[in-house]
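Me: Hi! I've got a model open and would like to talk through how its chains meet. Could you help me read it?

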Amino acid sequence: MKIAIPVENKTLDSSVNPSFGRAPYFLIYDVNTKESTFIENTAATSTGGAGIKAAQIIVDNKVNAVLSLQLGENAAAVLKDANIKIYKTTDVSIKGNIEAFINERLSFLDEIHAGFHGRRR
Amino acid sequence: MKIAILSGKGGTGKTLVSVNLAAVSEKATYIDCDVEEANGHLFFKPQWVQEESIAVKIPEVDEGLCDGCRKCVDFCKFNALAYILNKLKIFEEICHSCGGCLLVCPQKALTEKDKVIGIIKKGISNNVTIYSGLLNTGEPSGVPIINRLLSKNHLLENKLTIIDCPPGSACVVMESIKDADYCILVAEPTLFGVHNLNMVYQLVKLFEKPFGVVLNKCTEDDNPAEKFCYENNIKILGKIPFDSKLGTLNSNGEIIVNIDEKYKEIFSSLLDTVIKEVRYETVANP
Amino acid sequence: MKQLLILSGKGGTGKTTIASAFIKLAEAKAYADCDVDAPNLHLISGWNEHPIRKDYYGLQKAKIDERLCIYCGQCQENCRFEAITYNDKYEINPYACEGCSVCEFVCPTKAITMMPDIAGELMLYSDKEKVFSTAQLKMGSGNSGLLVTEVKKQMKSETKGGEVAIIDGSPGIGCPVIASLSGVDMVLIVAEPTVSGISDMERIIKTASGFNTRIAVCINKYDINVENSNKIEELCKKQSLDFVGKIPFDSQVAKILNSGRTIIDVDCISRSAVKEVYRKTINILFE
């Protein structure tokens, strides 16, 4: 079971980034082996469609669940197509959210905001 | 003769000037390029005679041919494509219709289909032919509609064409003034007004368009926009006074030149001045 | 910190006038101007010092190396944006180029490369207590949605606290408005009782309804057309939107703003009405 969290920095003491698509890094955490890997979010600097590209990175890393404060509609569409569950983070601490996830205290993220597509007016 | 009406921000009286110039002329075409908020038709209340859907090209995948190489996903600068569980997913509202994915696909698995983003309506109201573009809500770019609005068959060379531009100085405005013979900048007598006038002023200078300014909502007080024109040697084409009667008629969607003699005169003489300016420009800078 | 976004649909309804009054009334510690096409809030926000400026890069744009060009015309043929012109040589029109890189792909001699392009400027005013985030898009640049996101991000990351942040939105219903809507707690729509104003208000309500955010409406210059003002009120009732008040037309407003002050700083007829709108709005925001 692998989960992904958008994070500010490449350490477990860092905090959850409020944006999914434009988070600088993702933490990929294996709940079974307790192994953590940080990957750079190359989508963060995209002028448009960052959520889609970021979600693609998550899909390609064979993640089972995403923990995020919020999520754009396009990113959500990608994750849903890949059968990845989306949970809402409850505070800024990474460890706290992992613990809450393991203890099944996180709920599904149901507010999906419309994206902003970085396109010309 | 194509005259574009611009203003740095909304609410300065761009549509007021456009609508009344068209109405006061003998015969004119009025083109509403403010496709996010087309309002000119609310004044003309035209009889609509034609409607055309505007579509853009969006890629479509033949899943039988796609082998999952992802070249298209990697190529797309707009991130409009994703490849999930052996399936290509296309985000239509992100796509810019550049056609790049079709070009890079080694399997020729991609083709294009039309996607409607808005409509153009043609209407008639007395002496004025109206073309109005309307972008569907949620669609991010009105440029294809503006391009179609300004396509050659709507613009008759020998006739007066008034182009009501979107506010601001973004790319949609550039599209709107590209083919104009003359630009009228409408400005309000406020600090905001000057700031915004300066932006469209830079724009028309960049495009090397001949232009002049109409000062709207003029009062007895100091007019920073007028001062700006003097300082920068900008031609003032005319002044429209601040007038609550004008405000009320305008807020009800009335065309003031059809009701009030004084305004009929103001706009007639404004139109004459502009036409003279354009003729002079064609002689001086053919 | 709760975020209040002020929108109008149509321009010129008094959005910035009201935003500046709200900032004053709330003694806001954080505020932003998301009208990146035509920012105005800085003109009356009372900051004298220069802001910290940061270039904003949009999508890369194509550049042709003349020396490598063999004049095959492939780039022009494949460009969907009519961004490549031919006049003795092939040239890119940076205003038309959307940065898709199709030309780079089709060029047989690698004469075309995609280069970073400055699309605007982010500005941050800040002192010990408060921050003001704003930006100006370069003429003719697209991608204002991302710049709006950056403006809001800058405000949030630099904020020194405070209960409420006021965001002056952009006009229209397009991409920058959608970007300014994301993540805010409440939207206040400033409507104008004109046929255009009502039509635009209806469109902006439609756009804003797509977000999970509370929507309230106020009318500015309500007395220029009382009949239309009543229509707006009815419309709010029908759609069960919070109606938070009417502000009269005030001929002094232009003069006050021209002197760089807000309508709260001067004893004028619109002042008490705006205060009332503010009180109701804040009550809803913290409900």
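Me: Let's begin with Thr194(C). Which residues does Thr194(C) touch, not counting residues up to four places away in sequence?
Reply: Thr194(C) touches Ser251(B), Lys10(C), Ile224(C) and Asn228(C). Contact here means heavy atoms within 4.5 Å. This is a predicted model, where local features need pLDDT of at least 70 and side-chain atom pairs count only at pLDDT 80 or more, while totals for chains, interfaces and linings use all residues. Residues are numbered from 1 along each chain as its sequence is written, chains are lettered from A and ligands numbered from 1 in the order in which they are written, and side-chain values use heavy atoms, with hydrogens and water left out.

Me: Thanks! Is Thr194(C) buried or exposed?
Reply: Thr194(C) is buried, at a relative accessible area of 9%. Buried means under 20%, exposed over 50% and partly exposed in between, using a 1.4 Å probe and protein chains only.

Me: And where does Thr194(C) sit?
Reply: Look in the loop between strand S11 (186-191) and H6 of chain C. Helices (H or I, at least four residues) and strands (E, at least two) are DSSP runs, numbered from the N terminus.

Me: Which residues of H6(C) are buried?
Reply: Among them are Ser196(C), Gly197(C), Ile198(C), Asp200(C) and Met201(C).

Me: Now the interface. How many residues of chain C are in contact with chain B?
Reply: 51 residues of chain C are in contact with 48 residues of chain B. Together the two chains bury about 4100 Å², with 60% of that on carbon and sulfur atoms. Buried area is the accessible area (1.4 Å probe) that two parts lose on being put together, summed over both.

Me: How many salt bridges are there between chain C and chain B?
Reply: The count is 2. In a salt bridge, a side-chain nitrogen of Lys or Arg is within 4 Å of a carboxyl oxygen of Asp or Glu. Glu112(B) forms one with Arg80(C), where the closest N and O atoms are 3.0 Å apart.

Me: Which helix gives the most to the side of chain C that touches chain B?
Reply: That is H6(C), with 6 residues.

Me: Switching over, what about chain B and chain A?
Reply: There, 22 residues of chain B are in contact with 20 residues of chain A. These chains bury about 1900 Å² between them, 54% of it on carbon and sulfur atoms.

Me: How many salt bridges between chain B and chain A?
Reply: Chain B and chain A have 2 salt bridges. Lys89(B) and Asp81(A) meet in a salt bridge through their side chains, at 2.8 Å from N to O.
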